[in-house]
Amino acid sequence: PSLSPLFSFMYGELTDKDTTEKVRLTFENYEMNSFEILMYKKNRTPVWFFVKIAPIRNEQEKVVLFLCTFSDITAFKQPIEDDSSKGWGKFARLTRALTSSRGVLQQLQPTVHKGENVHKHSRLAEVLQLGSDILPQYKQETPKTPPHIILHYCLFKTTWDWVILILTFYTAIMVPYNVSFKTKQNNVAWLVVDSIVDVIFLVDIVLNFHTTFVGPAGEVISDPKLIRMNYLKTWFVIDLLSCLPYDVINAFENVDEGISSLFSSLKVVRLLRLGRVARKLDHYIEYGAAVLVLLVCVFGLAAHWLACIWYSIGDYEVIDEETNVVRMDSWLYILAETMGRPYRFNTTGSGKWEGGPNKDSVYITSLYFTMTSLTSIGFGNIAPTTDGEKIFAVAMMMIGCEWNASFLARQMCYAFKSHNV
């Protein structure tokens, strides 16, 4: 049925017939369009409106409603003389027209040609979207943006966000390991991989300067200046620090040990990127299977971080720097004796303590201990003995209790929801 009677009560003797026919066809063809049309108030006062009509589609790409925006442009369409257009009334209306927000109008700029089907979003982009604020459940037509501006929910940006997500998790795994185990990236293969990751993070910074974002009112901001200012105020500093080539600098043999440790510690800044990941993954909380996978990944990542800290505590305490002797109550000393790789003091060469278990065995043992502690199993074959180790073990037990309690509470919520309790 025709939808034009929706506006017919606002038509009058001076309303253009061709324009009313365009309005009718716009509704019937589910198109986006804009018009300048003369309409009438209840007191039959003529008013010029700039009308924007945009179809709103659901997830099945069906039009469920129309968004109609009316902007009073009477002040620019003189002469239409009435009593309110004189003196301060005319000035007030002109001021209102000049100061009215044009943001929504710019975003709804029509690009529909007659006979064309409206643009449909990629199904892959909808499935893989990484942010709850990226696409609303009911979305409008694609806004018109400058040539060098990328829509933040287009297929390319969605795929790119997944690449950054994967590399962020890679960074979250490797950075704590390299910092704790004080590894110098002398392995050329790993150095090349880390350099490629740094370059990709640098490219991500460039793309973020040219990517739209969602404004506070839910509108898509495509103005280049606003995009740059928003990125500079939010994530630019963190992203810049996270893409500096710490591994390349740290790989040189002549780098001072203190500077090397500083660069290794600065790499921890990259972990701040996980804040963006958490915000993006919040979109998947409504799916039970996705929540289970995310919980397992977060649990494994937390166990990995704690394992690196556990090793750092043992490595710091195994050698008493004041007396320059090995602490026999340290878990690293006990592990070294068990594996037949005891610590020994080199009196003829370096004059330092050498030996001990290799790093692979130490990491596996550390991860095993943190896993058993977080899950409250604790076989006791790896046990804290020094004060520092005991304090850290208590902290891990508290984290494990909180984790299990939150997981149980979440499962109960899902159970209640599935049974409509």
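The model is predicted, and its protein chain contains 16 helices and nine strands. Of the 421 residues in the protein chain, 39% are buried, and the chain exposes about 24,400 Å², of which carbon and sulfur atoms supply 64%. When contacts in the protein chain between residues at least 6 apart in sequence are considered, 62% of them join residues at least 24 apart.

**Nonpolar cores**
- The largest nonpolar core has 25 residues, and within it Leu332, Tyr343 and Val362 touch the most other members.
- Two or more residues of this core come from each of α13 (288-317), α14 (331-339), α15 and α16 (387-418), with α13 giving the largest share, seven residues.
- Setting aside residues up to four places away in sequence, Tyr343 touches Val318, Val326, Leu332, Tyr333, Ala336, Trp353, Glu354, Gly355, Gly356 and Pro357.
- Another core, of 12 residues, lies apart from the largest one, and its members include Phe35, Ile37, Val51 and Ile53.

**Helix α15 and its ends**
- Helix α15 runs over residues 359-374, and its 16 residues reach 22 Å from the first C-alpha to the last, which is close to the 22 Å expected at 1.5 Å a residue.
- The N-terminal end of α15 is capped by Asn358, where a side-chain oxygen lies 3.3 Å from the backbone nitrogen of Asp360.
- Just after α15, Ser376 takes a positive phi of about 60°.

**Lys157 in helix α6**
- Lys157 is placed in helix α6, which covers residues 155-180.
- Lys157 counts as buried because its relative accessibility is 5%, and buried means under 20%.
- The side chain of Lys157 is joined to that of Asp161 by a polar contact of 2.8 Å.
- Beyond its neighbours within four places in sequence, Lys157 is in contact with Ile150, Leu151, His152, Asn208 and Thr211.

**Annotated regions**
- An unreviewed UniProt entry lists residues 159-177 and 289-313 under "transmembrane region".
- In the model, residues 159-177 are 100% helix and 0% strand, and the end C-alpha atoms of this span lie 28 Å apart.

Technical notes: Residues are numbered from 1 along each chain as its sequence is written. This is a predicted model: local features need pLDDT of at least 70, side-chain atom pairs count only at pLDDT 80 or more; totals for chains, interfaces and linings use all residues. Side-chain values use heavy atoms; hydrogens and water are left out. Helices (H or I, at least four residues) and strands (E, at least two) are DSSP runs, numbered from the N terminus. The expected span of a helix is 1.5 Å times one less than its number of residues. A polar contact is a pair of N or O atoms within 3.5 Å; within protein, one must be able to donate a hydrogen and the other to accept it, and residues adjacent in sequence count only if both atoms are side-chain atoms. UniProt positions are given in the numbering used here, feature names are shortened, and annotations may be inferred rather than shown by experiment. Buried means under 20% relative accessible area, exposed over 50%, partly exposed in between (1.4 Å probe, protein chains only). Contact means heavy atoms within 4.5 Å. A nonpolar core is a set of buried Ala, Val, Leu, Ile, Met, Phe, Trp, Tyr and Cys residues joined through side-chain atoms within 4.5 Å. Accessible areas come from the Shrake-Rupley method with a 1.4 Å probe; for residues, only the protein chains shown count as cover.
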